[in-house]
There are 2 protein chains.
Amino acid sequence: MENLKYGKIVEFVHLLISQSYGGRNDLNFVDATCGNGFDTLFLCKEAGPSGQVTAFDLQQQAVERTNTLLSTNLNFKNYNIIKDSHEFINKYVSEKVNAALFNLGYLPFSDKKITTNPSTTIKAIENLLPLLDTDGRIYITTYISHDSGTEIKEITNFLNNLNKSDYNVINLRIINKENNPPELFIVEKN
Amino acid sequence: MENLKYGKIVEFVHLLISQSYGGRNDLNFVDATCGNGFDTLFLCKEAGPSGQVTAFDLQQQAVERTNTLLSTNLNFKNYNIIKDSHEFINKYVSEKVNAALFNLGYLPFSDKKITTNPSTTIKAIENLLPLLDTDGRIYITTYISHDSGTEIKEITNFLNNLNKSDYNVINLRIINKENNPPELFIVEKN
């Protein structure tokens with residue numbers, strides 16, 4: 001990953017996950033917003049044949065795109081793609097989670113009117129927290145454009161108040177760009 | 001590094017450097033504030049016998065502590081510890097730099113009245129920028145306590161204005177803690 005840039009948040013999240021969990025064969029990952037499936041595919045490869053990835057999306061189109069991408073790029077099946085809201089994550093996932101990804105906003109190359117929304121996102125995070133393993137982390141990539149920053153603001157307010165003994169909440173921003181680059185939050189078990 | 005916490009900024013910087021440069025034998029690192037030498041030792045190990053580390057500190061005590069730490073923990077010598085201000089970095093370093101570290105504030109276990117100061121720090125960063133290799137990055141760990149946040153503010157103002165085409169400037173903060181945890185800035189060549 002020598003040429004990878006930290007300033008590309010999606011790539012940076014992949015670098016962190018590779019570094020923090022890479023090489024293990026007991027991984028349990030969650031993709032809370034599978035979208036077109038690129039993060040899901042990355043997680044499936046990192047988890048390997050003996051790991052497990054559970055991915056969520058409300059949109060049928062996203063579930064189909066992801067299933068197609070995974071089936072054509074993996075020669076094993078370690079994933080379960082669920083067409084439901086990520087707020088119900090604990091209906092589908094019961095084992096401890098090492099890493100969960102959120103990539104918020106709208107589904108790329110699709111109807112931009114359908115977006116994630118803060119209350120559902122926060123509900124999903126709340127339901128994920130008790131599932132985190134001791135090395136567990138939630139990586140949340142947020143965007144300002146789909147709702148003028150409302151989601152970022154509400155997520156910030158929620159995460160600011162997470163118990164400081166139990167969790168570290170990290171906020172990562174690119175500060176020298178004008179065009180509203182994505183902003184990253186990481187919640188880690190302390 | 002499974003049990004490492006991102007919320008411990010100094011460890012997190014080590015994780016990033018290991019992941020981004022680990023395993024190479026042509027590395028050129030700079031420790032702009034060698035202090036007690038722990039970052040310098042880490043960089044020397046990462047660079048290996050064929051790499052090069054140049055470290056700076058104004059205080060004789062810091063130079064001595066670092067030399068002692070390195071000589072007792074390494075069976076090779078790939079370092080040069082310089083007793084001078086890091087603002088004169090380009091007097092001593094001419095080859096392209098892969099990673100440079102700043103750990104600001106005062107020297108731990110020493111006179112807390114002697115601290116880094118914003119104008120010298122910014123001068124050092126300015127002199128480092130032209131030396132950065134294509135994968136080059138400057139990692140700056142900052143503290144609020146030694147000057148009530150003046151240094152963080154001035155560095156932020158300086159870095160905010162770095163050319164957005166040439167550099168990505170990343171700011172990383174822990175947002176759910178009360179006791180002023182360190183804050184990280186990363187400047188990377190775009």
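Author: Let's start where the chains meet: 29 residues of chain B are in contact (C-beta atoms, placed from the backbone, within 7 Å) with 29 residues of chain A. This is a predicted model, where local features need pLDDT of at least 70, side-chain atom pairs count only at pLDDT 80 or more, and totals for chains, interfaces and linings use all residues. Residues are numbered from 1 along each chain as its sequence is written, while chains are lettered from A and ligands numbered from 1 in the order in which they are written.

Reader: Which element of chain B gives the most to the side that touches chain A?

Author: Elements are DSSP runs numbered from the N terminus: helices (H or I, at least four residues) and strands (E, at least two). Here strand 6 of chain B gives the most, with eight residues.

Reader: In what sense does strand 6 of chain B pair with strand 6 of chain A?

Author: Strands pair if DSSP finds at least two bridges between them. These two run antiparallel, over five bridges; A:Ile174, for one, has B:Ile170 as its bridge partner.

Reader: And helix 1 of chain B: which residues are buried?

Author: Buried takes 20 or more other C-beta atoms within 10 Å of the residue's own, all placed from the backbone; 12 or fewer is exposed, and in between is partly exposed. In helix 1 of chain B the buried set includes B:Phe12, B:Val13, B:Leu16 and B:Ile17.

Reader: What do the buried residues of that helix pack against?

Author: Helix 2, strand 4, strand 5 and strand 7 of chain B. After helix 1 comes B:Gly23, with a positive phi near 90°.

Note on methods. Two residues are in contact if their C-beta atoms, placed from the backbone, lie within 7 Å.
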